[in-house]
Amino acid sequence: MSLLDVRNLTTRIATSRGVMNVVEDVSFTVQQGECFGIVGESGSGKSMTCRSILGLLSKSGSATGAAWFEGQDLLTLKSDALQQIRGRQIAMIVQDAASALNPVVRIGTQIAEAMMQHGLVSSKAEARQRSLKLMSKVGIPATESRIDDYPHQFSGGMCQRVVIAAALSCSPKLIIADEPTTALDVTIQDQILRLLVALQAEFGMSLILVTHDMGVVAQTCQRVAVMYGGELVEMADTASLFRTPRHPYTMGLLNCVPHLDRDVGTARLRPIPGAPPDLMNPLAGCRFHPRCPLANDACKSTRPPLREVAAGHFSRCLRQDVLGKDIWNAESARA
Amino acid sequence: MRDAGQPSALRPLVEVDDLTKRFGARGGLSQILGAASQRQLTAVDAVSFQINAGEILGLVGESGSGKTTLGRCLLRLVEPSSGQVRFDGKDLISLSKGDLRVARRQMQMIFQDPYSALNPRMTIRQMLSEVLRFHRICTDAAIPARIAELLALVGLDQSAADRLPRHFSGGQRQRIGIARALAVEPRFIVADEPVSAVDVSVQAQIMNLLLDLRDQLGLTILLIAHDLSVVRYVSDRVGVLYLGRLVEIAPTAQIFAAPRHPYTQALLRAAPRPDPDRHPAQPAIAGEPPSPLNPPPGCHFHTRCPLATARCKSEMPPLQTVSDGHQVRCHHHDLALLNPSPR
Amino acid sequence: MTSLAHKPAQQSRLAQMGGLVSGAAILAIILLASLMASHLIPYDPIEQNLRNTLQPPSLSHLFGTDNFGRDIFARVLHAAKLDLMIGFLCVVFPWILGLTLGGIAGYFGGLADTLIMRTVDTFTAFPFLIMVIGVIAILGPGLFGMYVALTLAGWSIYARIVRAEVLVIKKSEYILAARSLGYGHGRILVRHVIPNVVTPTIIFAMTDMVLVILSTTSLSFLGLGVQPPTPEWGVMIAEGRGFILSAWWMVTLPGLAVVLVGVALSLFGDGIARILREGSQA
């Protein structure tokens, strides 16, 4: 049985200029102990999907569909019931760790806060002991001397470790990490990703890793969903998604990110032409069709369903028959 | 490696010599009042390199490496503390204000954040006309044609001219920023993280645009980035900065095939790849970069270096030439060569 | 579902437009009536008619007459011109001064910043009315003194707002871009910095205008501003003070005019402010 089962999640946000269709009919499951990646560019709806699940949308947003977690639909829960689940069973790690921490509260207190809140510790002394343990678990050196420090005394990487320690404090079943390493340097990113994977294995948690970086998911996740313009366009286990992508957008993305290990010679990258879609005025048909080299008339009018194209491999593309390795090569001449 | 084999490529257009920038030496009232000694931050520490005409030099470093300050020093947007910058043989640092204004026509900058790099209250036409008029690039009558030309050059639609920046996507704004820089017909461009704030699917468009502009206009470009994969695609040579010091510089193919500095190797190992089969067991590098306010003595990298010895803790390694065009600042660069492949 | 989500945004937009439109309408009517006052009403606002003093409101004298037999409606309408003009100018002068000095302080920093901001501190150290009265005491009562006094008392807040905004804008990459294009400081400040910092100052000026009009009438009431017999609401209220029990209309009706203008300006100002804020967000 899956730990989280999201079905037909659709999120709208009202703004002064109109309604944004930020998430459109997204369904996926996350298994126990699995690391599930959601990749997409800005505006693809990846962060909004997570926020909708956790009930963290602002007042102008509304989500429909269902998100089953442990037999309860998170989308229909009352806010105080949701409060009990957030932090306790599902924890969130955000991109900007430095601003996720309260600048005037000591590190130790912030790590212990959720434990105290959910009544997992009986005394302050116990909370402190558990905080110290968590700090060493996430690789913060000299825990005794640093537990009473303030966030500004920590580097960005160390702040992210503190945030992770706080997220772990209630032994959640699921951690949602929204671009947890985007603000970090590449050598620190490497450390933090390793830490997350190691902790996930150790505690048997599930992890949803949201990122724009194909490299990060390839190295971290077991299964990946690719989002574009609010829709989930492809979902598969990591190996088959990267080896045999079945959606032109995924193929284009893999084609246009620079590879470090290939000898590039004078070859040019093959960019995806055009710009990401406008969420105010969603296109009819496939949302990727204006940028897709395979688009035909059907793509412009029919919204493709998410179909299982191979075992466990889902794709939202009508042109499965003509998908080939070099669909983007002819395109490069134009771009 | 890219072909930069025009005859002019052998002549350095930009020469940087011992360039140093220190921040925090406060003047003014606090100095007069004898305020407690200020902590100094050496953002750029005696950096020297050259960029040949028509070449793209990539400069890589993490936050705090001084790469942005270095780029701004080259254009004198930040006044260097010491050292020399020569442009086409002329010393830029000693230029008077008037001469600097003339020189600025030859050197331009492309910025990281396409959202803050454009004045939100000026249409693209107003922005470009101001540049063209200010530098008397062309007659007033010729301005509309020149604007059309610039927009075409960076791949924007002509209808873009009369809109405000907020109507454009990140990638389009970056193109507008490039058009503004090109308006003065510069010979040299400092591109400070031009793609790091742009969507992944659009990054390649901007990178290819930079390459096209180099080829079409013979531009010389200093490309500053934190992302090794970006410089690999765009640069002819790559320099690596760590805490203000240039630790390695080499032709692109060379530095990626056989990096000689342990830090460069670590950077290469740490970069995530879209390759599901690659799961290195060991972390690329342990520890955090030291604070630039209080850098370690000797080799700045010794606190994190697997090869560090007592010598590294006390003696700053010089920048040594290890092969043609490949320089490295490491006492143990021979050992580093034996280090397992960075992959 | 979509239309449901859409509603709150539309409603608030309607509400804000309503305020703006009604405020603007009231102001426009008052201003027009005031400009055409001599055509609308057959009475002169200054000429005395001692045979017709202290008449209560009637069809021939809508607001009644005062102790010199002048038609109060005529005087209230004529006064509107003056009061609105003072209110406008006494916001524009400090706005210009504050924008200039605050812009210079924020943009150049260093010594200029120290000098200007210490001056601002000095000016804000004085309570508003004490300072205004002090300046008028030196320059003598009257319109000129009032303009100078309200400008000196008001500019420092604008300078503060502008300086804070400039400090933020100064770090934008487009300012760096302007410098790398070789533009001089004057051009950068005027064309690239100032246009991006005026919005919050205009929002503040809208609320400030109400306060300035109230101060104007207060000063005139105290005999420090506009001098009789010129029709001005504060002056009229002061003149009617002695007759408050026998001729209520002499004080009350000019007073209501002040209230009406205050409310209209607030509605109008709030609407403008909201539109400007939304514009700068988009």
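## Where chains A and B meet

Between chain A and chain B, the count is one salt bridge. Its partners are A:Arg243 and B:Asp277, whose side chains come together at 2.3 Å, N to O. Keep in mind as you look around that this is a predicted model. Polar contacts also cross this interface: the rule finds 17 residue pairs, both residues of each at pLDDT 80 or more.

On the chain A side, five helices each supply at least two of the residues that touch chain B: α7 (156-168), α8 (186-203), α9 (214-220), α10 (238-243) and α11 (248-256). The largest share, seven residues, comes from α8(A). By type, this side of chain A divides into 22 nonpolar, 14 polar and eleven charged residues.

In all, 47 residues of chain A are in contact with 47 residues of chain B. The two chains bury about 4100 Å² between them, with carbon and sulfur atoms giving 54% of that area. Three residues, A:Gln219, A:Leu260 and A:Arg268, supply 19% of what chain A buries against chain B, more than any other three.

## Salt bridges elsewhere

Over all chains, the structure holds 37 salt bridges. One of them pairs A:Arg12 with A:Glu24 at 3.6 Å, N to O. A:Arg12 sits in strand β1 and A:Glu24 in strand β2 of chain A, so the pair ties together parts twelve residues apart in sequence. Both residues are buried.

In chain C, C:Arg70 forms a salt bridge with C:Glu239, their closest N and O atoms being 3.6 Å apart. This pair joins a loop to helix α10 of chain C, so parts 169 residues apart in sequence are tied together. Salt bridges with shared partners link C:Asp66, C:Arg70, C:Arg75 and C:Glu239 into one network.

How values were computed. Residues numbered from 1 in each chain as written. Chains lettered and ligands numbered in written order. Predicted model: local features only at pLDDT ≥ 70, side-chain atom pairs only at ≥ 80, totals over all residues. Heavy atoms only, no water. Contact = heavy atoms within 4.5 Å. Buried area = accessible area lost by both parts, 1.4 Å probe. Salt bridge = Lys/Arg side-chain N within 4 Å of Asp/Glu carboxyl O. Polar contact = N/O pair within 3.5 Å; in protein donor to acceptor, adjacent residues only side chain to side chain. Helix = DSSP H or I, 4+ residues; strand = E, 2+ residues; numbered from the N terminus. Nonpolar A, V, L, I, M, F, W, Y, C, P; charged D, E, K, R; others polar. Buried < 20%, exposed > 50% of the residue type's maximum accessible area, 1.4 Å probe, protein only.
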